[in-house]
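Have the sequence and the model side by side as you read.

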Amino acid sequence: MSVVVKDGMEKLYHNTLIRAMGSRGLNEFARHAGISAGNLSKMLSGQIAKPNTLRKIADACPDMPGIYEELMYAAGYFQEIDQPNPVSFHSPETLMGVVQIPVIDSLEGSRNQIFHYNRGRYHTIPYAAEALEAEPERYFFYCVNDHALSPRLHPGDYVLLDYEKNPQNGDVVLVRVAKKESLLRRIRLKNGKIIVYGDDPGITPDILGKNETEIFGVVVGAVLLNF
């Protein structure tokens, strides 16, 4: 079944594709990108392409750094996680530029080591949240490594975390237990305890003491499909 851009993103998706094409016609650009003209025509009509197709389009635009990330955002692969207190987002038409956000691969060591010395690599994404543009140092990416939050998130997806945001009941957070195990789970705070649970009904909730638990950030977004 074809997937079509929704929620007011059609214009941004279409315009980003048109900008990528530049002065090249549909057939010429499709040939440069190694995709069919029919497929490109469907995309211009609103059909979402897979990330590997968007990569081909970006590769056909070597003079446009950041175009892959813009295409991924316009196609909806950069998505806000549903939360009780949703983050304020710019409208797509006001997006300006991109920002580099570090990927943290491990929660080993002290908080200072993790956030300032053990950053594995960086990913470039469009500005999405207001604070992301004003204070990008608050954010980092972390790779999902289990099915606890399926069907929304799967292993290989990346979540964007704000490590200065105060968690609320129902938020998805990155938790370190006993300075060892790292979990992406929803939380509920009750009677001095932290209850962590998943969206997958097969995941058994755990009740943790605050003295054995560190919350490293609240999930405010996700990039899906192994970006």
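## Helix α5, mostly tucked away

In α5, the buried residues are I67, Y68, L71, M72, Y73 and A74, where buried means under 20% relative accessible area, exposed is over 50% and partly exposed lies in between, using a 1.4 Å probe and protein chains only. That's six of the eight residues in α5, so the helix is mostly covered. Helices here are DSSP runs of H or I with at least four residues, numbered from the N terminus. Just past the end of α5, G76 has a positive phi of about 95°.

Keep in mind that this is a predicted model, where local features need pLDDT of at least 70 and side-chain atom pairs count only at pLDDT 80 or more, while totals for chains, interfaces and linings use all residues. Residues are numbered from 1 along each chain as its sequence is written, and side-chain values use heavy atoms, with hydrogens and water left out.

## How α1 meets α5

Two packed helices are described by the angle between their axes and the distance between the axes. For α1 (residues 10-21) and α5 (residues 67-74), the angle is about 155° and the axes are 9 Å apart. The axes are lines fitted to C-alpha atoms over the stretch in contact, and angles run from 0 to 180 degrees between N-to-C directions. That makes α1 roughly antiparallel to α5, because angles over 145 degrees count that way, with under 35 being roughly parallel, 65 to 115 roughly perpendicular and the rest oblique.

Who does the touching? On the α1 side, L12, Y13, T16, L17, R19 and A20 make the contact, and on the α5 side I67, E70, L71, Y73 and A74 do; contact means heavy atoms within 4.5 Å. One of the α1 residues, T16, counts as buried at 3% relative accessibility. Leaving aside neighbours within four places in sequence, T16 is in contact with I67, E70, L71 and A74.

## The nonpolar cores

Which residues touch the most other members of the largest nonpolar core? They are F29, L54 and I57, out of 27 residues. Such a core is a set of buried Ala, Val, Leu, Ile, Met, Phe, Trp, Tyr and Cys residues joined through side-chain atoms within 4.5 Å. Helices α1, α2 (26-33), α3 (37-44), α4 (51-59) and α5 each supply at least two residues, and α5 gives the most, with six.

Not counting residues up to four places away in sequence, I57 touches L17, A20, F29, A33, I35, M43 and L71. Another core lies apart from this one, with 18 residues, including V172, L184, V219 and A222.
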